[in-house]
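Please read this briefing alongside the sequence and the structure shown below. The lead comes first, followed by points grouped by topic.

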Amino acid sequence: MSDHEDKHEESLVEKISEKNKGHDSSSSSSDSDDDKPSESSMKAKVFRLFGRERPVHDVFGGGKQADIFLWRNKKISAGALGVATVIWILFELLEYHLLTLVCHLLILALALLFLWSNAATFIHKSPPRIPEVQIPKDRVLEFAQALRFEINRGFAVLRDIASGRDLKKFLSVIAGLWVLSIVGSWCNFLTLFYIVFVLLHTVPVLYEKYEDKVDPLAEKAWHEIKKQYAVFDAKVLSKIPKRPLKEKEKKKD
């Protein structure tokens, strides 16, 4: 009887230990399952260029202008790039002047329409229908308001930079203007505008196609820039004396 009771107790102990092992394994699996979403969420946070969280198409406004820049409509995109190239060739390579070009085009158009209108009576055909062109008032006012808003915002940004509140923004703007002045000494405004126009029609569509390869490289470059800026801040910017807040408040008063 004692042997039978001992065996029974041992079987109970084994069952309890097996249950505990099963509970531990289930808890560990549940813990691992809890860890999985955190890992997936970490993977989901991928570095994007310029810190964007939207697709490239939405960054460009998501309208017709985005379709043109990203070549959604290849005919319109190729036409816009072709027209810009023809204008650049006429004014830059052939050294055509704007006033001369406009006058020659008007002479050609008016001469063709005039001859066609007078010849229509002799060849028994209908004269050309010349449309009545008028500039809509609402569109002009909307454009003027948008332009006024952007100019005022630019003045506000310049005023904020000149007030000496943000040294980082001041240095970045000075560096940008210095680079722009160097580029301006290499080429005139028309060539610079054409280069920017071509870049807008090529770089975004290439980035959208290869963004998974470009973003990791951009992340490494961004981390390196932050390291170099931290060194520059520690050695130079932090040693520049700053105006105390009390003096600023007194001057305001």
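In what follows, a contact means heavy atoms within 4.5 Å, and a residue is called buried at under 20% relative accessible area, exposed at over 50% and partly exposed in between (1.4 Å probe, protein chains only). This is a predicted model, in which local features need pLDDT of at least 70 and side-chain atom pairs count only at pLDDT 80 or more, while totals for chains, interfaces and linings use all residues. Residues are numbered from 1 along each chain as its sequence is written, and side-chain values use heavy atoms, with hydrogens and water left out.

**Overall make-up**

- The protein chain holds 10 helices and zero strands, where helices (H or I, at least four residues) and strands (E, at least two) are DSSP runs numbered from the N terminus.
- Of its 253 residues, 10% count as buried, and the accessible surface of the protein chain comes to about 21,800 Å², with 65% of that belonging to carbon and sulfur atoms; such areas come from the Shrake-Rupley method with a 1.4 Å probe, and for residues only the protein chains shown count as cover.

**Helix 8**

- Helix 8 covers residues 189-209, and its 21 residues should span 30 Å at 1.5 Å a residue, which agrees with the 30 Å between its end C-alpha atoms; the expected span is 1.5 Å times one less than the number of residues.
- A kink of about 30 degrees is centred on L199 in helix 8, the bend at a residue being the angle between axes fitted to the seven residues ending there and the seven starting there.
- The buried residues of helix 8 are T191, Y194, H201, P204 and Y207, and what covers them includes helix 2 (56-59), helix 3 (64-69), helix 4 (74-93) and helix 9 (211-235).

**Record annotation**

- An unreviewed UniProt entry places the feature "transmembrane region" at residues 76-91, 97-116 and 170-200; positions are given in the numbering used here, feature names are shortened, and annotations may be inferred rather than shown by experiment.
- In the model, residues 97-116 are 95% helix and 0% strand, with end C-alpha atoms 29 Å apart, whereas residues 170-200 are 94% helix and 0% strand, with end C-alpha atoms 27 Å apart.

**Positive phi values in loops**

- W71, although not a glycine, has a positive phi of about 60 degrees; W71 lies in the loop between helix 3 and helix 4 and is partly exposed, with a relative accessible area of 25%.
- E95 is likewise a residue other than glycine with a positive phi, near 55 degrees; E95 lies in the loop between helix 4 and helix 5 (98-119) and counts as exposed at 60% relative accessibility.

**Salt bridges**

- The structure holds three salt bridges, each a side-chain nitrogen of Lys or Arg within 4 Å of a carboxyl oxygen of Asp or Glu.
- One of them joins the side chains of E208 and R72 (3.0 Å, N to O); because E208 lies in helix 8 and R72 in the loop between helix 3 and helix 4, the pair ties together parts that are 136 residues apart in sequence.
- R153 forms a salt bridge with E150, with the closest N and O atoms 2.7 Å apart, and both residues lie in helix 6 (residues 137-162), three residues apart, about one turn of the helix.
- D160 and K169 meet through their side chains in a salt bridge (3.4 Å, N to O); D160 is partly exposed at a relative accessible area of 25%, and K169 counts as partly exposed at 32% relative accessibility.
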